[in-house]
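Hi,

Here is the structure I promised to pass along.

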Amino acid sequence: MRFSIAALSLLAVCQLIGCSSQSKQDDSSKTGKLTAEASAKPTTTTPDSTGKPSAEPIASTRAVSTGDSTLDSLTFAPPAGPLLPKYRIFAYYGNPHSKKMGILGKYPKEEMLQRLDNEIKNWQKADPATPIQSALHLVSISAQGAPGKDGGYRMRMSDKTIKKVIKWGNEHKSLVFLDIQRGHAPLGPEMEFLKKYLKLPFVHLGIDPEFSMVTGAKPGTKIGSYDAADVNQAVQFLSKIVKENNLPPKVLVVHRFTQGMIKNYKNIKLDPNVQIVMDMDGWGPPVLKKDSYHDYIQKEPVQYTGFKLFYDNDFRKPGSRIMTPEEVLALTPKPMYIQYQ
């Protein structure tokens with residue numbers, strides 16, 4: 001078995017590692033298949049085996065004190081109640097300090113937001129029945145090729161950078177996802193670092209197993225992983241924020257593009273205060289992405305599904321192209337979270 005990982009890239013501003021979610025060759029009879037992550041039926045269900053929907057929590061979007069006057073002055077109130085599956089979330093991914101990490105930082109703010117709006121029109125046309133909620137997905141904690149002072153192999157973005165993207169979301173009436181590439185740092189303190197931002201009703205969380213280096217390897221040299229216990233830790237963290245601040249359910253996006261990136265998925269416990277999205281994060285030709293989504297969506301269901309498209313990497317192999325909205329929405333189950341990098 002072999003896999004391809006993007007090389008580390010040092011940036012002049014903050015030495016971010018470019019997101020390297022790439023196709024992985026399988027050692028089975030389907031060699032060359034891009035693996036996909038698990039996901040499940042689009043319902044907010046209890047963690048028992050019945051599969052029956054649980055009662056959705058009632059929560060308001062009242063003003064919450066974050067302890068930061070800049071954040072407390074923001075006014076965007078997202079739709080009340082659980083977002084999924086009533087809405088399809090459509091996100092642009094990246095970091096404003098990096099043109100290589102994703103579309104979020106590739107263009108100036110206004111041009112990026114205009115491209116976001118134009119892309120959403122294509123998806124709304126493909127599925128007029130499902131309203132779309134726009135989002136910005138920021139790599140707020142980036143894995144690094146160097147250990148740093150504390151040996152964490154990660155860099156936390158500054159308060160200024162995180163607030164900048166949150167302000168963009170507020171102005172554009174878009175959700176904001178704060179993504180964690182933990183490197184060697186424990187997940188708990190990294191989530192705690194983002195806690196004040198997550199108190200805002202339109203800010204949600206993403207965690208990336210690719211850069212969770214449980215083996216002690218340097219980020220970018222091997223594909224990392226999370227266990228179900230780590231996902232449960234994130235769910236519990238978000239659920240506590242929701243309950244303490246009377247917020248609508250939070251969305252947790254978990255990236256995945258190999259089977260090994262998520263261990264013991266059956267032990268992931270659902271919580272009515274958190275909606276889990278397993279986001280198929282691999283790049284490659286449409287046939288590989290569709291086959292992989294089909295294989296793993298059925299074998300390892302969790303709750304909701306996501307699908308990632310790459311403006312650059314999906315074209316890297318000869319004859320490849322980016323999938324159309326109609327093609328993605330023909331998948332079973334239909335992804336409720338769409339991300340472009």
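A quick definition before the notes: contact, or touching, means heavy atoms within 4.5 Å. Please keep in mind that this is a predicted model, where local features need pLDDT of at least 70, side-chain atom pairs count only at pLDDT 80 or more, and totals for chains, interfaces and linings use all residues. Residues are numbered from 1 along each chain as its sequence is written, and side-chain values use heavy atoms, with hydrogens and water left out.

Leaving out residues up to four places away in sequence, Leu-252 touches Leu-205, Ile-207, Val-231, Ala-234, Val-235, Leu-238, Val-274, Gln-275, Ile-276 and Val-277. Along with Ile-166 and Leu-205, Leu-252 has the most contacts inside the largest nonpolar core, a set of 80 residues. (A nonpolar core is a set of buried Ala, Val, Leu, Ile, Met, Phe, Trp, Tyr and Cys residues joined through side-chain atoms within 4.5 Å; buried means under 20% relative accessible area, exposed over 50%, partly exposed in between, with a 1.4 Å probe and protein chains only.) Helix α7, residues 228–245, gives the most to this core, with eight residues.

Zooming out, the chain has nine helices and 11 strands. These are DSSP runs numbered from the N terminus: H or I of at least four residues for helices, E of at least two for strands. Of the 341 residues in the chain, 60% are buried.

Next, helix α4, residues 159–172. Its buried residues are Thr-161, Ile-162, Lys-163, Val-165, Ile-166, Trp-168, Gly-169 and Asn-170. Val-165 counts as buried because its relative accessibility is 0%. Beyond its neighbours within four places in sequence, Val-165 is in contact with Pro-96, Leu-136, Leu-138 and Val-176. Leu-138 is 27 residues from Val-165 along the chain, yet their C-alpha atoms are separated by 7.4 Å. After α4 comes Lys-173, with a positive phi near 55°.

(A salt bridge is a side-chain nitrogen of Lys or Arg within 4 Å of a carboxyl oxygen of Asp or Glu; Lys and Arg count as positive, Asp and Glu as negative, and His and the chain ends are not counted.) The side chain of Asp-179 does make a polar contact with the side chain of His-255, at 2.7 Å. (That is a pair of N or O atoms within 3.5 Å; within protein, one must be able to donate a hydrogen and the other to accept it, and residues adjacent in sequence count only if both atoms are side-chain atoms.)

Cheers
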